[in-house]
Each structure stands twice: as C-alpha cells, then as structure tokens.
Amino acid sequence: MGDKRKNLILLTDNYPLSLGEFFLEIEIKYLARHFEDIFIICSSKSENTFGRYVPKNCTILHYELDFSFVEKLISIKGLFNKIIWDELDNLKFRIKPTDIYHILKVALIELRKAQKLSGFLHQVVKENNLSPKELIFYSYWHDYKALSLSLMKQENSHYFCVARGHGWDIFSERHRSSYLPFKIFIINTLNKTFSISSAGKDALKELNVVIEQDKIEVSRLGTNNEFKPNLKKSTKGYIVCSCSNLIGLKRVDLLIKVISCIKLENFQWIHFGDGPLRMELEELAAKHINFVKFKFFGYIKNSELIRFYNENFIDLFINLSQYEGIPVSIMEAQSAGIPVLATDVGGVSEIVNDENGFLVHPDIKPANLAHKIRESLILESSMEPRRRASYLNWQINYNATKNYDYFLAQLNRLSCAQ
C-alpha cells in the first residue's frame with residue numbers, strides 16, 4: 001500500500017440499502033481496490049442491498065436520522081453556536097428580510113443533523129480503532145454529511161476529509177430562497193471539495209470571495225463499457241431512449257408531449273428508471289402516444305442497461321430535465337456511441353454539444369422540439385458523425401477507469417501532503 005491511507009469512511013445517502021445512488025456502484029469498485037477497509041455510512045435501516053454490488057472489504061453501518069419534534073427543539077441550541085452567526089454574517093448582503101426565518105430554520109436543522117452524524121463517526125473511529133493518519137473521510141454529497149466532516153475536521157486537524165458536489169447539493173437556485181447551508185464553512189474547512197462539473201465549481205466559487213479558491217477542484221464521474229459502439233445503422237425504424245428517476249424535475253411528462261407530436265413510422269420510445277410518478281406517466285403515455293410503441297422498463301442494473309445499448313441500435317437518447325449536474329445516464333449513452341439531445345441546464349453543456357448531439361433551451365416548445373427530433377432522425381447522414389463524436393467524448397472525458405484513477409491519485413497526493 002506504500003504511503004496510501006488504508007481506511008476509508010464513505011458517507012452516502014442510502015447506498016447500498018436502496019435503489020438510489022446507482023452511480024456509486026461503479027465508483028465503489030475502484031475505491032475497494034485502493035483501500036484495505038471501507039466503512040459505508042448510511043441512514044437507511046434496511047438490511048436489503050437489492051442485489052447491488054458491495055465489495056467484500058466494505059462494512060455497512062447505519063445511523064439514526066429520525067428528526068422528531070424533540071430533535072427540532074434541540075436544534076434551537078444552535079443559536080448559541082458561533083457557526084450559525086458566521087453563516088448569517090456571510091449571507092447578510094444576500095438575505096431578504098422575508099427569507100430570514102426560513103434560512104435560520106434550515107441552518108439550525110442541518111447543523112443538528114451534522115452534529116448527530118459527527119458523533120456517530122467519532123464512535124465508528126473509536127470502536128474500530130482507526131488511526132487518523134491511516135484514514136480518509138469522504139462524503140459523497142455536499143450537504144449535512146459534508147458539514148459533519150467539517151465539524152470533525154475542526155475538532156481534529158489530523159483528519160483528512162473531502163466531499164463531492166453534484167447538482168442539487170451545489171446549485172443554490174434549485175432551493176427555496178436560493179439557500180444551501182454552510183457552503184463557505186464546509187469548503188474552507190474540508191481538505192478539498194470535488195465538483196463533478198466545471199459549472200458546479202463555478203457556482204461554489206461565486207458564493208463568496210472568502211472561499212479559498214484552491215479548495216475546489218473538478219473531478220468527473222465516469223462509466224464503464226467494454227462493448228464496441230454501434231456506429232452504423234443497419235435497422236429500420238427508430239428507437240429513442242431516456243433514463244431517469246420518474247420524478248417531476250426530470251420532466252418525462254414533457255417528453256411524452258413531445259413524442260405525441262412526432263409523426264414517424266416504426267417509432268419506439270423506451271424509458272429506464274422508476275419512481276413515484278411511474279403509474280401516472282404510464283397512464284399519460286397510454287392516453288397520448290398509444291400510436292407508438294413504448295415501454296417503461298423500471299429500474300435495471302447498469303450492466304444490463306449497457307448490454308441493452310449494445311444489443312439494440314438506439315438512434316437518440318433524450319434528457320429534458322429541469323435541473324442537472326452532469327447526468328450519468330448521458331455518460332452511459334455516450335459510451336455506447338448514442339447521440340444525445342438534452343436541455344441546456346447545470347453542467348449538461350460540458351458533455352453535450354452540436355458535435356455529439358443537440359443542446360436545447362429548457363423552455364423549448366414541445367412542437368418545435370418534436371420537429372427537431374424528427375428531422376434529426378430522418379437525416380441519418382448527420383447522425384453517424386455524432387455517434388462517433390459521442391463515443392469519443394466518453395472515452396476522453398467520462399471513462400470510469402481514467403476518472404476514478406485520477407480521483408484516487410489526488411486523494412493519495414493530498415492526504416500524504418497533509
């Protein structure tokens with residue numbers, strides 16, 4: 001192992017005890033090769049891993065996050081904590097008088113969550129006799145979990161703590177009052193914040209001039225695909241795919257409206273992913289696009305999705321999300337050489353462009369978007385170059401081996417330098 005730190009404490013939402021955070025299933029394979037022991041810390045009480053891949057050197061530990069009325073009352077004690085008042089001072093030129101109550105409430109609750117989690121982490125370190133010099137803390141999200149690491153780092157400077165930033169956890173405009181708590185404190189206290197996109201890094205840097213600029217770095221996610229891409233069309237008809245959770249901000253209902261305006265023979269639409277709106281969206285599709293062949297596949301494993309892309313010629317991948325970081329679903333599509341049409345939100349413009357697909361305004365009218373899709377599919381001569389460019393973009397920028405090897409090299413370099 002050399003100078004590498006042996007142990008990793010990885011903070012997730014619920015991976016692997018839920019169907020979320022599917023992209024972590026890719027990264028965990030690289031983490032497991034790098035560290036001797038990994039402690040996965042999640043809030044789920046479930047014992048069901050849903051058949052998800054968990055390396056043998058991983059131990060799953062879960063903590064209590066039940067936030068009862070009593071806990072909310074206890075959170076008021078945060079008013080006596082300097083962190084709260086520093087936070088309000090950092091926000092003083094951006095707070096509207098009408099937002100103060102909401103911001104203070106969010107800050108107090110987030111601080112209490114972080115305090116509870118940091119207490120649990122101290123217990124994990126003690127019970128497993130983990131040496132700070134051989135340990136890395138890694139929060140997969142830039143929320144209260146990252147804040148808990150900041151609190152630990154503040155108590156013990158020997159701890160090495162990092163966090164990733166994705167989309168909802170770093171783009172403040174996606175939240176009420178455009179507020180995300182304690183960003184300046186988290187960034188300045190942690191050893192490093194890794195944003196999955198340049199747009200995310202810029203958003204964090206613009207929060208306040210007091211953020212130390214070298215504390216934020218871009219470290220992209222990635223996917224695996226061992227198959228050769230299908231670059232030349234040899235089938236009749238058209239297959240378009242989408243892949244996302246079935247929740248409002250993914251705007252699958254808008255995609256159904258768009259498809260209802262596309263008039264092409266032998267047209268198929270396939271959606272991968274599940275969620276609370278599935279039944280409603282299936283009924284909407286049955287009502288408005290019953291003249292085309294469509295299917296909701298639900299949740300499938302990443303390996304199964306990649307195999308499907310390899311065994312079927314997918315003409316176009318579509319993502320009409322209202323908000324995004326850089327979607328892993330687009331990386332997966334590009335790894336199969338599939339052109340992508342996506343809304344220009346978040347960091348999407350970093351992965352989709354005119355060479356490998358189509359970037360559209362998020363407010364484009366369904367009829368106009370349908371026309372663009374129809375004309376693009378018909379003009380096959382313009383799609384083959386896009387397929388090649390799509391695959392090349394994945395190879396260069398979103399190949400898992402390349403990106404995670406770099407990420408782990410950075411962790412090793414930074415932790416050894418501390």
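Which residue lies over the face of F291? That residue is K263, placed 4.6 Å from the ring centre. This is a predicted model, and the tour below moves from charges and rings to one histidine and then to the cavities.

**Charges over rings**

The charged end of K295 sits over the ring of F297, at 4.4 Å from its centre.

**Aromatic pairs**

A pair of aromatic rings is described by the distance of the centres and the angle of the planes. In this structure there are 18 aromatic pairs. Here are two of them:

| Ring pair | Distance of centres | Angle of planes | Kind |
|---|---|---|---|
| Y138 and F407 | 5.3 Å | 50° | tilted |
| F272 and F297 | 5.0 Å | 25° | stacked |

Take Y138 and F407 to begin with. Y138 belongs to strand β4 (residues 135-139) and F407 to helix α14 (residues 400-417), so this pair ties together parts that are 269 residues apart in sequence. Both Y138 and F407 are buried. Y138 and F407 are also members of a cluster linked by ring pairs, together with F22, F23, Y140, W141, W168 and F194.

Now for F272 and F297. F272 is found in strand β9 and F297 in strand β10 (residues 293-298), so the pair ties together parts that are 25 residues apart in sequence.

**A look at H271**

Strand β9 (residues 267-272) also holds H271. Is H271 buried or exposed? H271 counts as buried because its relative accessibility is 0%, and buried means under 20%. The side chain of H271 reaches the backbone oxygen of S244 at 3.1 Å. Setting aside neighbours within four places in sequence, H271 is in contact with residues including S242, C243, S244, L246 and V252.

**Empty space inside**

Rolling a probe the size of a water molecule over the atoms shows where empty space is left. Here the count comes to three cavities of 30 Å³ or more. The largest cavity has a volume of about 90 Å³. Among the residues lining the largest cavity are E87, L91, R94, Y179, K183 and I184.

Conventions:
Residues numbered from 1 in each chain as written. Predicted model: local features only at pLDDT ≥ 70, side-chain atom pairs only at ≥ 80, totals over all residues. Heavy atoms only, no water. Helix = DSSP H or I, 4+ residues; strand = E, 2+ residues; numbered from the N terminus. Buried < 20%, exposed > 50% of the residue type's maximum accessible area, 1.4 Å probe, protein only. Polar contact = N/O pair within 3.5 Å; in protein donor to acceptor, adjacent residues only side chain to side chain. Contact = heavy atoms within 4.5 Å. Phe/Tyr/Trp six-rings, centres within 6.5 Å; stacked < 30°, edge-to-face > 60°. Lys NZ or Arg CZ within 6 Å of the ring centre and 35° of its normal. 1 Å grid on protein atoms, 1.4 Å probe; cavity = no way out; pocket = protein on both sides within 12 Å on 5 of 7 lines; lining within 4 Å. Points joined across faces, edges and corners; volume = space filled by probe spheres on them.
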